[in-house]
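Q: Could you take me through the ligand site in this one? I'd like a close look at what surrounds the ligand and the pocket around it.

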Amino acid sequence: MTPDEEIAPTEAAPIDVVGAVLVDSLARPTQVLAAQRTEPPELAGGWELPGGKVDPGESLVAALHRELREEIGVEVRLGDLLAGPSDGWWPLGPRYRMRVWLAEVARGIPAPIEEHAEVRWLTAEDVWSIPWLDADRPIIEAVLARGLGGPPRTQ
Ligand SMILES: Nc1nc2c([nH]c(=O)n2[C@H]2C[C@H](O)[C@@H](COP(=O)(O)OP(=O)(O)OP(=O)(O)O)O2)c(=O)[nH]1
């Protein structure tokens, strides 16, 4: 063991987060829902996919339904997993990783009940009009590549 390895901290397991690409229609998506964070200060004002951390012992899908109910007040139907580059996960900085599903509203109207200042439906045309969190940008690129009622973004 080198001195460097001796002092290197053990790599902590990533914390699992789940998120939804909530679209107006799974069959023919033309709009995606973005939610503006209110905390922590370094992320406040940034826009993200609704979702949150998985509780201990909770399944990923159960966590996603719970977070969507608590945060934006909707019941959803889940569609496909939007697979990320790391075994299906999307990296969120050094501490977190996120699984993302397409979803549509089954009941309720999305509202910023908890943790968000605002929620907004965005078309392909205006999807870059808001400052997405850095980690979310490749996810939004992937959403556009799948199709959001318009051609994929080219640059
Ligand atoms: N929910 C969500 N979190 C994201 C996204 N992008 C991104 O970098 N993150 C980060 C922000 C947070 O550091 C972490 C998820 O934590 P969270 O604050 O949403 O989780 P939570 O709802 O369970 O919050 P809390 O109860 O622990 O306060 O992942 C995203 O699109 N959605």
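A: Here is a walk through the ligand site. This is a predicted model, where local features need pLDDT of at least 70, side-chain atom pairs count only at pLDDT 80 or more, and totals for linings use all residues. Numbering runs from 1 along each chain as its sequence is written, and side-chain values use heavy atoms, with hydrogens and water left out.

The ligand has 17 residues around it, with Arg37, Glu48, Leu49, Lys53 and Asp136 the closest (a heavy atom within 4 Å makes a residue near). By class that shell holds 8 nonpolar, 2 polar and 7 charged residues (Ala, Val, Leu, Ile, Met, Phe, Trp, Tyr, Cys and Pro count as nonpolar, Asp, Glu, Lys and Arg as charged, the others, Gly among them, as polar). Strand 4 (51–53) gives the most, 3 residues.

Now the polar contacts (N or O pairs within 3.5 Å). On the oxygen side, a ligand atom is 3.3 Å from a side-chain N or O of Glu115. Taken alone, the ligand exposes 620 Å², and the protein buries 80% of that (Shrake-Rupley, 1.4 Å probe).

As for the setting, the ligand sits in the largest pocket (more than half of its atoms lie within 2 Å of the grid points).

Key:
Polar contact = N/O pair within 3.5 Å; in protein donor to acceptor, adjacent residues only side chain to side chain. 1 Å grid on protein atoms, 1.4 Å probe; cavity = no way out; pocket = protein on both sides within 12 Å on 5 of 7 lines; lining within 4 Å. Helix = DSSP H or I, 4+ residues; strand = E, 2+ residues; numbered from the N terminus.
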